[in-house]
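Please follow this walk through the structure with the sequence and the model side by side.

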Number of protein chains: 2
Amino acid sequence: MKIAVDVLGGDHAPQEILLGVAGLLRSGDFRSDELLLVGPEEAIVRGLKAAGVTEVPQIAHTEEVIEGHEKPVEGLRAKPRASVALCVEAVRTGRAGGMIAFGNTGATVAGATMGLGMLAGLKRPGIAVTLTGETGRFVLLDVGANPAPKPLHLFQYALMGAAYARDLIGATRPKVGLLNIGGEATKGHPLLKETYQALGAAQDDSMAFVGNAEGDEIFKGKADVYVCDGFVGNMVLKVVEGFAEYMLHTAAKGGAGEGLKPTLRSMMGAAEFSEVGAATLLGVNGVVLIGHGRSRANAVGPALRLARAEVRSGVNRHIVESVAAHGAQAPAQEA
Amino acid sequence: MKIAVDVLGGDHAPQEILLGVAGLLRSGDFRSDELLLVGPEEAIVRGLKAAGVTEVPQIAHTEEVIEGHEKPVEGLRAKPRASVALCVEAVRTGRAGGMIAFGNTGATVAGATMGLGMLAGLKRPGIAVTLTGETGRFVLLDVGANPAPKPLHLFQYALMGAAYARDLIGATRPKVGLLNIGGEATKGHPLLKETYQALGAAQDDSMAFVGNAEGDEIFKGKADVYVCDGFVGNMVLKVVEGFAEYMLHTAAKGGAGEGLKPTLRSMMGAAEFSEVGAATLLGVNGVVLIGHGRSRANAVGPALRLARAEVRSGVNRHIVESVAAHGAQAPAQEA
């Protein structure tokens, strides 16, 4: 199965994307028939050859791209051959088993949702990221697709996150926590209280519900999967990113010196979206990854390896099965 | 003007609170007539004398306390002589110019709101904290008093935060940012869009509105005051606290060694609520500080100095003046 790669999206496209792809091909980590590159054919061939690639992957030619500042739906309408749209089309027709785009997040979410539709039984897509804390890797979702979810959406995010944690981070019975500002079941918005009850009733061999998790518990390993609305999740992810950068700058200025930087940088690696490689759009009928717009060549490898692992894992099939199996515990749609 | 100190609230009360108070008195930083200690008289006198204090401050005797796990309103009803209630009473009657409690945050918010009422024109209290970022100190509010505010509440939080930044962190024309998940005016919940418009119209010599601020901009100095709902603010504050602890542990384990710890700890000081000393409940008719329940003796000094600075600054008068001056730009109450 091929991974479709949007070569045109992102702040440093196409050069850095191509350099990253070239590195993966040269090292033998990816075979050329595992990739479908979406972008300007001549520039792709020239760029890869210059970087020492002998066997150039298949190319879906286009020169159109939805820029970072463009409105997603309008951009998709005005540019039917935008690189992200061709990636989605490749997944829809089965030409590729999954896709990754480093550009406009909104355009990727809108393009994939409209072009692929939802998985059976799923109501709304959510964006999941994997971070590292005291006890290892954990999943956080939604980080921005759905800022005002209903209880049913949050409930399904929990099931999606648990399936993802089983398949991609090796948690056999993932602990699921609901991000909240207090530990008790009665805390938070009504939508959180309803989700809390439903998740409590839904726990079984496939996942354990550990209740509410407060902000200071996220990195302590309270859960393997943290569920929240897209506003809160986006804020959490970006605050961590910004705070890590602040600490790095402060350490550098504070006489901690250059010797400290590598340590801090590796500590932060886990928290920096750009080094994780990519986030995953869960809930749509296809494997869709969203790379950070700031991605450089070194972010391309981890992102493509993650995309391939997701395709191979069958995570979307497991999500559909889990949602079907937990239908009886799901909150009502109109809650 | 005295500061009323709840000696019974918090995880390490009364010992650590008394040790902190004793240190302030011994050093001459506070005179004994600047304090009103609320708690068990005999234990206070014994504790302070044992810690080398010769002139014991006034004491309002009580042995009742609302524990951390108690429901605020029920606790206040069941224990009319709870230490936090007596602190509020001291402020209400003018026996003290301000108060600080290290215990149950909900009880302090509820007790102060019911006992003191709101400042003229103010609709809802908000909790403000001061943190340090790349360009110095900044104010974040609300961090937990009001998880589902209306646009009018957020608007008033902005004015309160700006007055606080002028008086307490020396920003002459504070930059105010609205925490959001995108930069454009059209991003986020409807309540944020309405607040955005109102703040844009309200900016003048007393404050500048810099628009939306994303999570990764908070520590970069985009604004002096960041405004958000109490759910998001609480999450941001606690995530930073937890992430800083995680980094400290990782650095210690990762062979960065003991030599690194002091640097990291001082970097984190700014972010750790417990070392900042306290948060401030703004909007109520009195100076009310909320210390971290985990506070140790060394957190008491900064908290009490902050309380005294707030009383002296006249910040509450400046808040009332600013809200009155910006009435024409305020969102409608029922929006």
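Predicted model: local features only at pLDDT ≥ 70, side-chain atom pairs only at ≥ 80, totals over all residues.

**Helix contacts, strands and cysteines**

In chain B, the residues Val84(B), Val88(B), Val91(B) and Arg92(B) of helix α4(B) meet Ala107(B), Thr108(B), Gly111(B), Ala112(B), Gly115(B) and Leu116(B) of helix α5(B). As for the geometry, helix α4(B) spans residues 83–92 and helix α5(B) spans residues 105–116, and their axes come within 9 Å and cross at roughly 35°. The crossing of α4(B) and α5(B) is right-handed.

Turning to chain A, one may look at Ser83(A), which is found in helix α4 of that chain, a helix covering residues 83–92. Is Ser83(A) buried or exposed? Because its relative accessibility is 1%, and buried means under 20%, Ser83(A) counts as buried. Once the neighbours within four places in sequence are left aside, the residues in contact with Ser83(A) are Asp6(A), Leu8(A), Val38(A), Thr62(A), Glu64(A) and Val65(A).

The strands of chain A come next. The link from β5(A) to β6(A) is a hairpin through 2 residues, and Gly133(A) has Gly136(A) in β6(A) as its bridge partner. Strand β6(A) also pairs with strand β9(A), residues 225–227, this time in the parallel sense and over 3 bridges. Within that pairing, Leu140(A) stands opposite Tyr226(A) of β9(A).

The cysteines remain to be considered. A disulfide is a covalent bond between the sulfur atoms of two cysteines. How many disulfides does a search of the whole structure find? Over all chains, the search finds 0 disulfides. Cys228(A), for instance, is in no disulfide, and the nearest cysteine sulfur, which belongs to Cys228(B), is 15 Å away. A pair of sulfur atoms would have to lie within 2.5 Å to count as a disulfide. With a relative accessible area of 3%, Cys228(A) is buried. Cys87(A), too, counts as buried, because its relative accessibility is 0%.

Notes: Residues numbered from 1 in each chain as written. Chains lettered and ligands numbered in written order. Heavy atoms only, no water. Helix = DSSP H or I, 4+ residues; strand = E, 2+ residues; numbered from the N terminus. Buried < 20%, exposed > 50% of the residue type's maximum accessible area, 1.4 Å probe, protein only. Contact = heavy atoms within 4.5 Å. Pairing = 2+ DSSP bridges. Axes fitted to C-alpha atoms, helices over the stretch in contact; angles between N-to-C directions. Left-handed = near helix turned anticlockwise from the far one by under 90°.
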